Amino acid sequence: MTYTFHFADIWAARDEFLDGTLLTLRLSALSMLLSLVIAIFGALARTSGPRWLRAIVGGYVEAIRNTPFLVQLFMLYFGLPRLGVRLDANEGALLAMVANGSAYTIEIVRAGIESIGHGQTEAAAALGLHRLQIFRLVVLPQALRAVVPPLGSQFILLMLNSSVVSVISADELTAATQDVQARTFRPFEAFLTASAIYLVLSLAFSGAFAVIERVAFGKKAAQR
Amino acid sequence: MRSLNAGDLLFILAAVRWTVLLSVLAFAGGAVVGLTVALMRTSDSRAARWAAIVYIRIFQGTPLLLQLFLVFFGADMVGLSLGPWLSAVLGFSLNAGAFLGEIWRGSIQSIARGQTEAARALGLHYLPLMLRVVLPQALRIAIPPTVGFTVNLIKSTSLASIIGFVELTRAGQMVNNATIRPFIVFGLVAAIYFAICWPLTIAAGRLERRLGLAYKR
């Protein structure tokens with residue numbers, strides 16, 4: 001096994017890797033943000049909505065969590081155009097990532113909401129707050145604080161999972177890497193480089209989230 | 001483009017066996033890697049602990065799809081032609097090993113230190129200590145999260161389709177390419193995955209609650 005690594009072609013394609021990385025970050029951040037917004041409403045519906053709404057949200061969460069992301073991506077990307085919705089690859093990728101990510105985020109936010117004691121809602125009700133006010137002013141801020149760490153992990157999972165959207169050739173890092181390897185015939189070097197970029201991103205984000213957590217809830221985290 | 005017929009649906013249904021077989025082999029390989037990683041991670045040797053940490057960080061910090069590509073092209077590069085089958089089994093095993101290793105490390109560490117110390121005081125060496133004292137107790141704690149991880153593993157085998165392995169998702173893709181009936185085809189594919197994964201998800205939840213009750217006194 002005498003293999004000589006050739007990273008010169010990879011270095012020559014550094015702009016493509018950089019653009020791919022930026023798009024991966026943008027796609028992940030955007031889908032995380034949209035997932036979180038949907039999840040707040042979804043979790044509210046799942047914890048205190050009418051029975052039929054809880055069943056719908058619960059069914060959605062179970063359906064997404066028990067089927068592969070790749071199949072969800074194919075269903076949306078190939079299915080929606082048949083219904084007359086025109087999607088380019090990047091829109092399809094974002095839509096599938098939000099559809100998938102919000103199911104997991106709903107569960108995270110729901111766990112946060114359920115971790116807030118009943119005494120809190122009862123006290124707020126005794127003070128004369130409406131149900132929506134209780135949720136918005138009392139429950140949600142505390143719940144979101146409690147779910148910062150799992151949301152951080154969820155973001156990293158989402159970012160790593162975004163490599164899958166390269167199969168519909170959305171222009172993120174993995175798809176950019178596919179282009180580079182097809183042109184240079186250096187698949188191993190190209191995928192190794194991309195893996196290193198993902199690794200640096202996930203380590204950097206988990207480090208950053210740990211710092212944010214310590215700064216935001218410093219004393220509590222130290223006590224635990 | 002042709003119309004969808006019963007043969008297509010049977011073709012998809014029959015492809016389930018490759019998804020199941022790949023999942024079983026990947027779990028077996030992952031269990032071997034995972035047990036090694038968990039034991040290294042909890043060992044007294046600093047070097048072994050660090051090697052395990054680096055392994056876990058790398059495999060949990062990079063996309064599974066790229067790990068599959070690297071195994072596929074990397075084997076080719078050193079002159080081994082593994083083909084999609086072996087590459088997929090090897091790639092999934094290496095990846096599952098990192099996750100199972102981390103799950104099992106937690107289970108091993110949750111066994112009270114007094115147990116190990118008592119066993120040591122009775123003169124047990126590492127192997128009997130692990131086999132007869134720690135692992136049997138850790139197993140009980142490890143089962144619910146392991147079942148939960150299996151759901152992830154089964155879903156992730158769909159990525160094998162990208163390196164050319166014909167399993168459930170690839171079969172669906174092939175039928176869809178010929179018939180262009182994405183909702184029916186991928187709906188069926190999704191329903192099959194759901195039928196396999198949902199019972200496991202429920203089982204994992206039940207086992208976890210039961211374990212929680214057993215430990216809550």
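Modeller: Axes are lines fitted to C-alpha atoms, for helices over the stretch in contact. The model discussed here is predicted.

Biologist: How are two packed helices described?

Modeller: Two packed helices are described by the angle between their axes and the distance between the axes. In chain B, helix H1 (residues 6-41) packs with helix H4 (residues 83-109) at an angle of about 45 degrees, and their axes are 5 Å apart.

Biologist: Which term describes how H1(B) and H4(B) lie to each other?

Modeller: Angles of 65 to 115 degrees count as roughly perpendicular and those under 35 degrees as roughly parallel; H1(B) and H4(B) are therefore oblique to each other. H1(B) passes H4(B) in a right-handed crossing. The contact of H1(B) with H4(B) comprises 18 nonpolar, 6 polar and 2 charged residues.

Biologist: At roughly what angle do the axes of helix H2 and helix H5 of chain A cross?

Modeller: The axes of helix H2 (residues 14-48) and helix H5 (residues 89-114) of chain A cross at roughly 45 degrees and come within 6 Å. H2(A) and H5(A) are therefore oblique to each other, and their crossing is right-handed. By class, the contact of H2(A) with H5(A) holds 16 nonpolar, 7 polar and 3 charged residues.

Biologist: How many residues does the contact take from chain A and from chain B?

Modeller: Chain A gives 29 residues to the contact and chain B gives 32 residues. On the side of chain A that touches chain B, helix H3 (51-65), helix H4 (69-79) and helix H10 (187-216) of chain A each supply at least two residues. H10(A) provides the largest share of that side, 10 residues. By class, the side of chain A that touches chain B has 20 nonpolar, 7 polar and 2 charged residues.

Definitions and conventions. Residues are numbered from 1 along each chain as its sequence is written. Chains are lettered from A and ligands numbered from 1 in the order in which they are written. This is a predicted model: local features need pLDDT of at least 70, side-chain atom pairs count only at pLDDT 80 or more; totals for chains, interfaces and linings use all residues. Two residues are in contact if their C-beta atoms, placed from the backbone, lie within 7 Å. Helices (H or I, at least four residues) and strands (E, at least two) are DSSP runs, numbered from the N terminus. Ala, Val, Leu, Ile, Met, Phe, Trp, Tyr, Cys and Pro count as nonpolar, Asp, Glu, Lys and Arg as charged, and the others, Gly among them, as polar. Axes are lines fitted to C-alpha atoms, for helices over the stretch in contact, and angles run from 0 to 180 degrees between N-to-C directions. Angles under 35 degrees count as roughly parallel, over 145 as roughly antiparallel, 65 to 115 as roughly perpendicular and the rest as oblique. A crossing is left-handed if the near helix is turned anticlockwise from the far one by less than a right angle, and right-handed if clockwise.
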